[in-house]
Amino acid sequence: MSAVLSVPGGVYPDVPAPAHKPGPSGTQITIRGLTKYFAGWPLYENFDLDIPKHKIVSVFGPNGCGKSTLINMIAGLVPIDSGEILFDGKSLKDTKIGYVFQNYREAMFPWMRTIDNIAYPLKLEGRSKAEVDRRMQELVASFDVKFDLRRYPYELSGGQQQTASIMRALANNPEVLFLDEPFSALDFEMTLFIREKLQEVFMQTGTTMLLVSHDLEEAVYLADQVLLLTKRPTRIAEILAYDDARPRTVETLSEASFIATKKQSLEIFQREVRR
Ligand SMILES: Nc1ncnc2c1ncn2[C@@H]1O[C@H](COP(=O)(O)OP(=O)(O)OP(=O)(O)O)[C@@H](O)[C@H]1O
């Protein structure tokens, strides 16, 4: 009798299960055979990537190479054509994730007070009022919030709104936090503040973070790994490790290892843009 493979939605005889290639130990996200076309043109074709656990990975590459689409596909916001994305061997639906959008003005529910926006993921999980209050206090302390969270989002400054968006994304302690150019709509002062807060949260929690950035200095400053992509159809140009100790500070910017990683990233970027 032929072997029968049971798959969701049906039973097909003689269909071998595709061999899943796990990543090296310490991998959080495995992407295998990812394929995505837009309007008949390939963006990703048979793309494989391992994203390590408890690290910050910055995604950098030429304009339109698919940085946002990559994190959006991993986060389940954009459907994939084919392939497999697993989180520690689990599917997305069994994984807690948080997402920080570039456009914070459209990220929050305008009819809810800021505090209720931030608590929303906890309420969705059915947490008790005491649990919600405790977590909110922790978040307020770790983000050093000085503004009134009972205000509506539109009553806050851009930096305050983005701070609140990040607090919401972290509220239920996600395993992975996605950030799509979180600083690009902020002024310099707010960028520095939020960047330091993210670094502090990372040092406290070790939450895996995937950051899309257009600013190479910022991408390297926060990263354990810089993922450099090619032009489309997009492949990995190179993955650079950057392991200076945290907290990284203004002094980090003049360290030889920081400058070398930035220079190497820029050279790879320029090579790919000219190709
Ligand atoms: N919904 C869509 N329909 C058609 N094409 C799309 C769609 N979303 C993205 N694209 C195309 O896919 C490519 C990758 O887009 P994406 O925004 O992911 O790139 P990016 O690297 O983040 O871009 P940028 O550097 O400009 O921020 C672009 O050519 C874009 O025009």
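**Reading the model**

A: Begin with a loop: Asn173 is found between helix H4 (158-170) and strand E8. Keep in mind that this is a predicted model.

Q: Which loop holds Ala39, and is Ala39 buried or exposed?

A: Ala39 sits in the loop between strand E3 (27-38) and strand E4 (41-52). Its phi is also positive, about 50 degrees, and Ala39 is not a glycine either. With 5 other C-beta atoms within 10 Å, Ala39 is exposed.

Q: Which residues surround the ligand?

A: Ala39 is one of them, and the others are Phe38, Leu43, Asn63, Gly64, Cys65, Gly66, Lys67, Ser68 and Thr69. By type, the shell has four nonpolar residues, five polar and one charged. Helix H1 (residues 67-74) contributes the most to this shell, with three residues.

Q: How should I read the two faces of a strand?

A: In a regular strand, side chains alternate between the two faces of the sheet. In E8 (residues 176-180), five of the five residues are buried. Val176, Phe178 and Asp180 are on one side, Leu177 and Leu179 are on the other, and both faces are covered.

Q: Which strands are joined to E8 by bridges?

A: Strand E7 (residues 97-100) is joined to E8 by four bridges, and the two run parallel. Ile97 stands opposite Val176 in this pair. Strand E9 (residues 208-212) also runs parallel to E8, with five bridges between them. There, Leu179 stands opposite Leu211. Together with helix H5 (residues 188-205), E8 and E9 make a right-handed β-α-β unit.

Q: What does the largest nonpolar core look like, and how many residues has it?

A: As a general idea, nonpolar side chains in soluble globular proteins tend to be buried together. Here the largest nonpolar core has 59 residues, and those with the most contacts inside it include Phe178, Leu211 and Ala223. Beyond its neighbours within four places in sequence, Ala223 is in contact with Ile56, Val57, Ser58 and Tyr242.

Terms used
Residues numbered from 1 in each chain as written. Predicted model: local features only at pLDDT ≥ 70, side-chain atom pairs only at ≥ 80, totals over all residues. Near = placed C-beta within 6 Å. Nonpolar A, V, L, I, M, F, W, Y, C, P; charged D, E, K, R; others polar. Core = buried A, V, L, I, M, F, W, Y, C linked by C-beta atoms within 7 Å. Buried ≥ 20, exposed ≤ 12 C-beta atoms within 10 Å, placed from the backbone. Contact = placed C-beta atoms within 7 Å. Pairing = 2+ DSSP bridges. Right-handed = clockwise from strand over helix to strand, strands pointing away.
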